[in-house]
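The following paragraphs walk through a protein structure, going from single residues to the contact between chains. Please keep the sequence and the model in view while reading.

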2 protein chains.
Amino acid sequence: MSSSSPMRSLHINNINPHVKEAKYAVRGELAIKSEEYRSRLNRGNPPTPPENPLPFDTVVSANIGNPQQLDQKPITFIRQVLALLENTGLLENEEALKTSFGYNQDAIDRARWLLKEVGSVGAYSQSAGAPGIRQSVANFIERRDGFPANKDDIYLSAGASSGVNTLLHIICAKPETGVLVPIPQYPLYTASLSVLNARCVPYYLDESHSWGTDHYVIKEAYEKAVSEGTDVRAVVIINPGNPTGASLPEGDIEAVIKFAAEKHLVILADEVYQTNVFIGQFHSFKGVLRKMQQKEPGVYDYVELASLNSVSKGMVGECGHRAGYFELVGFDSEVQAQIYKFISIMLCPPVIGQCLLDLVVNPPKPGDPSSELYEKEYNGIKNGLKQRATALYEAFKEMEGMEIGEPQGSMYLFPKIRVPPKAVEAAKEADRTPDEFYCLRLLDATGICVVPGSGFGQKPGTLHLRTTFLAPGTEWVGRWTKFHKKFMEEYS
Amino acid sequence: MSSSSPMRSLHINNINPHVKEAKYAVRGELAIKSEEYRSRLNRGNPPTPPENPLPFDTVVSANIGNPQQLDQKPITFIRQVLALLENTGLLENEEALKTSFGYNQDAIDRARWLLKEVGSVGAYSQSAGAPGIRQSVANFIERRDGFPANKDDIYLSAGASSGVNTLLHIICAKPETGVLVPIPQYPLYTASLSVLNARCVPYYLDESHSWGTDHYVIKEAYEKAVSEGTDVRAVVIINPGNPTGASLPEGDIEAVIKFAAEKHLVILADEVYQTNVFIGQFHSFKGVLRKMQQKEPGVYDYVELASLNSVSKGMVGECGHRAGYFELVGFDSEVQAQIYKFISIMLCPPVIGQCLLDLVVNPPKPGDPSSELYEKEYNGIKNGLKQRATALYEAFKEMEGMEIGEPQGSMYLFPKIRVPPKAVEAAKEADRTPDEFYCLRLLDATGICVVPGSGFGQKPGTLHLRTTFLAPGTEWVGRWTKFHKKFMEEYS
């Protein structure tokens, strides 16, 4: 890696400008700096000089929803099955699996079934994923919504991110193409739209009403964009919200669907946090749409909905396995053929991840031998997440200048912060936004890595930060509280 | 999935036209049809009506290099370790692993080391992959080339395809950007350039000289493109070749590097078949470049090289795990920062695949307890591939109108076919190219799925097909021979 030279083909000013424009703060400067701190602490490389030791012992990566990095244990049943798929030789001694390693018959049976479906986890599957696993996903959606689902409309993907990438590639036809995106949002959307040289049409979520989604606001944003020559083709909804955690009530979903039907917009429903709900209830867009179609036959026949889900979130938190899926509803068959071709170019999603998805959408049933432990582990994680969210929320409530609503869901808190004018001044001098400045100072002082609100978008004049509530224990919350007090004093 | 309607947002004529333009025959119509045949045979769904049974018992997927779908067994050591990473509970009883399941201590130790490096395979890693595994890759490259490699220039990826996608995203700055691509080529390149709305600048490989790469031909293609207003920025070399199998001699690589240096072109060296060599020898672009830099200091300092590798190919054939890497040489540091940001948007490559890559680049050493079996399995696969290639080659030599050189490497044979004029006529009537027509008839008659030469590009007026030589046994070769004879008779 060397510095710029006219002798090279590529330099910062002649590479793809749309890649350059893209912003992705979740793994940006702060995350990179935190990894450097982690490596200094773990390996002494570069060694921490005695005259300049780090003022913390551990780095807390609260910048990204990555539960297993923060010591969340994987669910036993899931990993038991995956191990059998990787080393099928283990299946040759069922007795030893049971007596020496606590396997139950249902884990062994499931592994045998999955091997029948995929052949080997080392073989490419069909581009959209193994048919048997897509059928499992269809069955899961049917059970969830009470309406049929068809495996041929289900596309397995390497996490929801890859699914979003596929769908935006299809939708973004020209530079004038616009996609409605909630603000604040998970920056995958704005980053992908930048790379695709298409327009982000922002609509603001209502912080004063628990980050609610107001279809009038969407309509206003839509009309403004259209008046500016934007060809708005789709609307993104993140439900439950990231970074907000808010769950949409059924009526709000209906309003969005009605609006999308009226304006012929594709609905991209990012539903990866569908089980991470503390307040309210998750309603799937597919379920609500089907009910509307039943109530008013013919009116909503042509609504195009893509619903995304992932194994990275929920209680399993299996981010590293890169698995997820999207379901298409109401899409044109020729368009689906193009989607199929597009995903074929990258061959197929990771097959062991596909198998993991099968286990997530089809866990042991009550009465199955592995069911009891599965439920215990699942609920343990669920309760733990709620407790951590609440503890962090309570701490934020006590901090001067922090404003925060009760934790609603997802894996994040997104408090509003007010910093003293002197801190705003100091940030300006450091060529930083005030929220960036705060988060950088927090990292340098405590090792806690969070993401400034500007990384997700926020109403002008407001400042926020996003933190996961995944880290165990309360020691780190104490570090933060102490830092915050000092920071506020320093700039008061 | 339903038919076109003006009520929908998306139809075939208003989606992204660049996605529509992309062609990817390796998983195109023939592959989809073969999967339908497979499902009819395996499940009787839709049932094969007695009056119209399929004229074959099995589908042979020779369209794609997917060894484990064709019954290649995974390497024991690799899968033993992966199982321990998925189910770390297995590590709690080392004795049982050894006595009941044949584990050696080195597999157990490696699993513990990898767990230390990645934490959990369910956690996101750093965007470019776990640092310890990137170091393993760097060590492998050092051993291979005899020159240093730096882990910070190594980016793990979800297979080489994902790496190519990343690099082309950076390079393709505008519609006039051009990339030199060998013809015939693996269609990932043309498909990706279509999606990115950039120009493919084709240069032909020399069939009459064992599919050699002639730098004068590259120069000619370059000059023609430049004269047409194309901003040529990179040259793709597939070495050993796909679909041709040809290995470049050192002198040819030097000539390409000289040319790239002169014209300031990035070299994209697709080296995924580096161990799949029967004739000639693999020389890495990195190794040759470093030697040239030693010989003539200062002259080649600014050559930009990206070298790609994958666990899908080689002897392990672990396609389903989606793992690979690319190494950057001579890239500008600001450009590398943009590459890092770009890959961050998709978070990280599958972590279990990263671990698999570690095992592939760092197999058991001679004397390690797992070494003997590893070598035996590895060589068994290598010899098996050569035998299969030779058997298929011998069969092709006997077929009327087939022209083929000795198998050189990779996983493919790419014979030239001449079909009778009546067959060309029949193809025209069926709105097919003659090679497509032949391959479709082959599939319908025998269940053997191969890819027409038009899917890779071929000199006008010539016809080819690509088949893998991965399928075991000779029964399927017999099917093909019989079909070919009948086909030639029918149209003679």
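B:C319 is buried, and its relative accessible area is 0%. In this predicted model, the cysteine sulfur closest to that of B:C319 belongs to A:C348, at 8.2 Å, which is too far for a bond. A disulfide is a covalent bond between the sulfur atoms of two cysteines. Over all chains, the count of disulfides comes to zero. B:C200 is likewise in no disulfide, the nearest cysteine sulfur being that of B:C172, 10 Å away. B:C200 has a relative accessibility of 29% and therefore counts as partly exposed, whereas B:C319 is buried.

Helix 3 of chain B comes next. Ten of its eleven residues are buried, so this helix is largely enclosed by the rest of the structure. The buried residues are B:F77, B:I78, B:R79, B:Q80, B:V81, B:L82, B:A83, B:L84, B:L85 and B:E86. What covers them? The cover includes elements of both chains: helix 3 (76-86) and helix 13 (351-361) of chain A, together with helix 4, helix 5 (105-118), helix 13 and helix 14 (371-398) of chain B. One of the buried residues, B:R79, forms a salt bridge with A:E86, in which the closest N and O atoms are 3.8 Å apart.

That pair leads to the interface as a whole. Two salt bridges are found across the interface of chain B and chain A. The count of residue pairs in polar contact between chain B and chain A is 56.

A:R110 is found in helix 5 (residues 105-118) of chain A. Is A:R110 buried or exposed? Its relative accessibility is 12%, so A:R110 counts as buried. Apart from neighbours within four places in sequence, A:R110 is in contact with A:F77, A:V81, A:D358, A:L359, A:N362 and A:P363.

A:H283 is found in a loop of chain A, between strand 6 (266-270) and helix 11 (285-295). At 18% relative accessibility, A:H283 counts as buried, because the cut-off for buried is under 20%. With neighbours within four places in sequence left aside, the contacts of A:H283 are A:N239, A:L248, A:P249, A:E250, A:I253, A:E271 and A:V288.

A:G163 lies in helix 7 (residues 159-171) of chain A. A:G163 is buried, with a relative accessible area of 0%. Not counting residues up to four places away in sequence, A:G163 touches A:S157, A:L308 and A:F326. From A:G163 to A:S333 the separation is 170 residues in sequence, and the C-alpha atoms of the two are 18 Å apart in space.

Definitions and conventions
Residues numbered from 1 in each chain as written. Chains lettered and ligands numbered in written order. Predicted model: local features only at pLDDT ≥ 70, side-chain atom pairs only at ≥ 80, totals over all residues. Heavy atoms only, no water. Salt bridge = Lys/Arg side-chain N within 4 Å of Asp/Glu carboxyl O. Polar contact = N/O pair within 3.5 Å; in protein donor to acceptor, adjacent residues only side chain to side chain. Disulfide = S-S within 2.5 Å. Buried < 20%, exposed > 50% of the residue type's maximum accessible area, 1.4 Å probe, protein only. Helix = DSSP H or I, 4+ residues; strand = E, 2+ residues; numbered from the N terminus. Contact = heavy atoms within 4.5 Å.
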